[in-house]
Amino acid sequence: MSDLLQAGSRAWEWLGLKLVETGEGTAVVEMATTDDMANHSGVVHGGMISTLADSAMGRSVRTIKPGVTRSMSFDLKLNFINAAKIGENLRATAQVIHAGRRTVVTECRVEGGGARLVATASATFAVTREKE
């Protein structure tokens, strides 16, 4: 397994996020939902879904060339489509749609069981790139 697939953060570990795969400008991240992630209605809290999407999009930014040494989302838009059930495995598939010198724009789909669409997202990241 590559270092990229093993790389994570303390937040990722705490939330149970797992990097499944990456490609140039793409990333897939999964999260197994737990009772601790429930909102007052008993479904997955939107903030958890937002965190998953933001994390997947951020990871997709780290796959572009020339490499990105720092990135920070400064704009995030999320559209909730369906509720995510507690205990359900969620999969966020992100891709870079524009890679500029200082900003990168991404999109993401968050799906639940049976590829049921849970949310769509887009984000813009401020980036610092490696020297060419």
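Figure 1. Contact here means heavy atoms within 4.5 Å. The model is predicted: local features need pLDDT of at least 70, side-chain atom pairs count only at pLDDT 80 or more, and totals for chains, interfaces and linings use all residues. Residues are numbered from 1 along each chain as its sequence is written, and side-chain values use heavy atoms, with hydrogens and water left out.

**Figure 2. The largest nonpolar core.** This core has 32 residues. I49, L52, M57, L90, C108 and V110 have the most contacts inside it. At least two core residues come from each of α2 (10–15), β1 (17–23), β2 (26–32), α3, β3 (68–80), β4 (89–99), β5 (103–111) and β6 (117–129). A nonpolar core is a set of buried Ala, Val, Leu, Ile, Met, Phe, Trp, Tyr and Cys residues joined through side-chain atoms within 4.5 Å. Buried means under 20% relative accessible area, exposed over 50%, and partly exposed in between (1.4 Å probe, protein chains only). In soluble globular proteins, nonpolar side chains tend to be buried together.

**Figure 3. Helix α3, residues 46–61.** The helix has 16 residues, so at 1.5 Å a residue it should span 22 Å. Its end C-alpha atoms are 23 Å apart, which agrees. The expected span is 1.5 Å times one less than the number of residues. Helices (H or I, at least four residues) and strands (E, at least two) are DSSP runs, numbered from the N terminus. Buried residues of α3 are I49, S50, L52, A53, S55, A56, M57, G58, R59, S60 and V61.

**Figure 4. T63, in the loop between α3 and β3.** T63 sits in this loop. At 9% relative accessible area, T63 is buried. Its side chain reaches the backbone oxygen of G23 at 3.1 Å. A polar atom of the T63 side chain also lies 2.7 Å from the backbone oxygen of S60. P66 belongs to the loop between α3 and β3 as well. A cis peptide bond joins K65 to P66, with omega about -10 degrees.

Figure 5. Strands β1 and β2 run antiparallel and are joined by six bridges. Two strands pair if DSSP finds at least two bridges between them. E21 has V28 of β2 as its bridge partner. Two residues lie between the strands of this hairpin. In the turn, G25 has a positive phi of about 80 degrees.

**Figure 6. E30 and its partners.** E30 lies in strand β2. With a relative accessible area of 19%, E30 is buried. Its side chain makes a polar contact with the side chain of N89 at 3.4 Å. Another polar contact, of 2.7 Å, joins the side chains of E30 and R91. A polar contact is a pair of N or O atoms within 3.5 Å; within protein, one must be able to donate a hydrogen and the other to accept it, and residues adjacent in sequence count only if both atoms are side-chain atoms. Leaving aside neighbours within four places in sequence, E30 is in contact with G16, L17, K18, V20, L52, N89, L90 and R91.

**Figure 7. Salt bridges.** The structure holds three of them. A salt bridge is a side-chain nitrogen of Lys or Arg within 4 Å of a carboxyl oxygen of Asp or Glu. R91 bridges to E30, with the closest N and O atoms 2.7 Å apart. R91 lies in strand β4 and E30 in strand β2, so this pair ties together parts 61 residues apart in sequence. R91 is partly exposed at 30% relative accessible area. E88 and R116 meet at 2.8 Å, N to O. E88 is in the loop between β3 and β4 and R116 in the loop between β5 and β6, so the pair ties together parts 28 residues apart in sequence. E88 is buried at 10% relative accessible area, whereas R116 is partly exposed at 22%. E111 pairs with R109, the closest N and O atoms being 3.1 Å apart. E111 counts as buried at 19% relative accessibility, and R109 as partly exposed at 40%.

**Figure 8. A115, in the loop between β5 and β6.** A115 is found in this loop. Its phi is near 60 degrees, a positive value in a residue other than glycine.
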